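Welcome, and please take a moment to look over the sequence and the model before reading on.

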Amino acid sequence: MRLKDKVALVTGGARGIGRAIALALAQEGANIVVADVNIEAAKTTASDIEKMGRQALALEMDVTDYAKTEEAVNKILDKFTKVDILINNAGITKDNLLLRMSAAEWDAVLNVNLKGTFNCIKAVSRPMIKQRSGKIVSIASIIGIIGNPGQANYSASKAGIIALTKTAAKELAARNINVNAIAPGFIQTEMTAKLPDQIKEKMKEAIPLAKFGVPEDVAAACVFLASEDAGYITGQTIVIDGGMVMA
Ligand code: NDP
């Protein structure tokens with residue numbers, strides 16, 4: 001097991017990609033804190049993790065509220081005495097063309113996706129610096145690299161995560177903390193289920209591997225980046241998109 005007795009905080013871990021990441025980290029031996037605005041679903045994921053023989057804690061946490069993220073980290077330290085891994089996965093979309101996008105739509109997406117990631121990195125930094133070890137992985141998106149009509153807010157938030165990852169990696173490297181990002185392409189979850197079939201088919205045509213990804217594809221890379229196998233990797237963004245975007 002690559003993560004035996006590690007303690008991992010997964011934001012938005014109740015469902016979708018976050019849940020798959022939480023289960024995959026637990027499979028490798030980590031104890032998991034499932035933090036989500038959806039506390040009932042978070043409890044279900046936590047109880048599924050306990051059935052795997054790991055310890056789990058479900059926390060109601062809105063990543064946009066710094067005080068709440070700090071409170072959550074203190075609860076984790078009370079229960080587990082340390083926090084080894086942070087996965088910034090909580091994210092939302094509120095799509096609209098630029099001209100029609102409201103300030104509220106812009107603010108909501110930037111607040112959850114980018115400010116939420118900043119809040120959580122800041123909250124775990126202090127204990128990780130003290131421990132002189134840590135692994136931080138943030139879920140960006142290929143949309144933060146290539147842009148997408150109708151997603152000005154989302155693309156800016158995800159590009160922001162990629163830049164924030166580089167700065168945090170440089171600031172925390174001396175304390176043995178690795179900070180990386182993952183940029184998924186089209187992954188089958190409730191977030192993408194709401195897209196019209198016509199758009200989905202068009203997207204599939206642009207994927208060299210000719211299929212959509214599943215949450216477990218993202219989770220596998222997360223386990224790698226959270227493990228010592230990735231000990232010499234920091235400030236990077238790994239693209240998981242079936243070949244859609246090639247540098
Ligand atoms: P889902 O919408 O399926 O799940 C997101 C989870 O985050 C939900 O449990 C949601 O709670 C929770 N959440 C939302 N807002 C907050 C908040 N403020 N604080 C804490 N938790 C919150 O999304 P996916 O699993 O599809 O996506 C996960 C991540 O992956 C996101 O960052 C997304 O941008 C990114 N991504 C997804 C892709 C895809 O194709 N699906 C592609 C590229 C990136 P609730 O249920 O209450 O909404």
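What follows is a short tour, from the whole chain down to single residues.

## About the model

This is a predicted model, in which local features need pLDDT of at least 70 and side-chain atom pairs count only at pLDDT 80 or more, while totals for chains, interfaces and linings use all residues. Residues are numbered from 1 along each chain as its sequence is written, and side-chain values use heavy atoms, with hydrogens and water left out.

## The whole chain

Let us begin with the overall picture. The protein chain has nine helices and seven strands; helices (H or I, at least four residues) and strands (E, at least two) are DSSP runs, numbered from the N terminus. Along the principal axes, the C-alpha atoms of the protein chain fill a box of roughly 50 × 35 × 35 Å. The radius of gyration of the protein chain is 17 Å, which agrees with a compact globule, because 247 residues packed that way would give a value near 18 Å. That radius is taken over C-alpha atoms, and the globule rule is 2.2 Å times the number of residues to the power 0.38.

How much of the protein chain counts as buried? The share is 49% of the 247 residues, where buried means under 20% relative accessible area, exposed means over 50%, and partly exposed lies in between (1.4 Å probe, protein chains only). The protein chain has an accessible surface of about 11,800 Å², and carbon and sulfur atoms hold 53% of that surface; such areas come from the Shrake-Rupley method with a 1.4 Å probe, and for residues only the protein chains shown count as cover. Among the contacts in the protein chain with a separation of 6 or more, 72% join residues 24 or more positions apart. A contact means heavy atoms within 4.5 Å.

The protein chain has 29 positive and 26 negative charges, and their mean positions are 4 Å apart. Here Lys and Arg count as positive and Asp and Glu as negative, while His and the chain ends are not counted. The place of a charge is taken as NZ of Lys, CZ of Arg, CG of Asp or CD of Glu.

## Helix 1 and its cover

Which residues of helix 1 are buried? They are Ile-17, Gly-18, Ala-20, Ile-21, Ala-22, Leu-25 and Ala-26. Their cover includes strand 1 (7–11), strand 2 (31–36), strand 4 (85–88) and strand 5 (134–139), along with helix 2 (39–51) and helix 9 (215–226). After helix 1 comes Gly-29, with a positive phi near 105°.

Leu-59 sits in strand 3 (residues 56–60) and counts as buried because its relative accessibility is 7%. Leaving out residues up to four places away in sequence, Leu-59 touches Val-33, Val-34, Ala-35, Asp-36, Ile-39, Ala-72, Lys-75 and Ile-76. Leu-59 and Ala-42 are 17 residues apart in sequence, with 7.3 Å between their C-alpha atoms.

Is Lys-200 buried or exposed? Lys-200, part of helix 8 (residues 197–205), counts as buried because its relative accessibility is 17%. Beyond residues up to four places away in sequence, Lys-200 touches Phe-186, Thr-192, Ala-193, Leu-195 and Phe-212.

Ala-108 belongs to helix 4 (residues 103–131) and counts as partly exposed because its relative accessibility is 21%. Apart from neighbours within four places in sequence, Ala-108 is in contact with Ile-92 and Lys-94.

Met-244 lies in the segment after strand 7 (237–240) and, at 24% relative accessibility, counts as partly exposed. Not counting residues up to four places away in sequence, Met-244 touches Ile-142, Met-203, Ala-206, Ile-207 and Pro-208.

Most residues other than glycine have a negative phi. Asp-5, in the segment before strand 1, has a positive phi near 65°. Asn-176 also has a positive phi, of about 65°, and is found in the loop between helix 6 (152–172) and strand 6 (177–184). Asp-5 counts as partly exposed at 46% relative accessibility, and Asn-176 counts as partly exposed at 47%.
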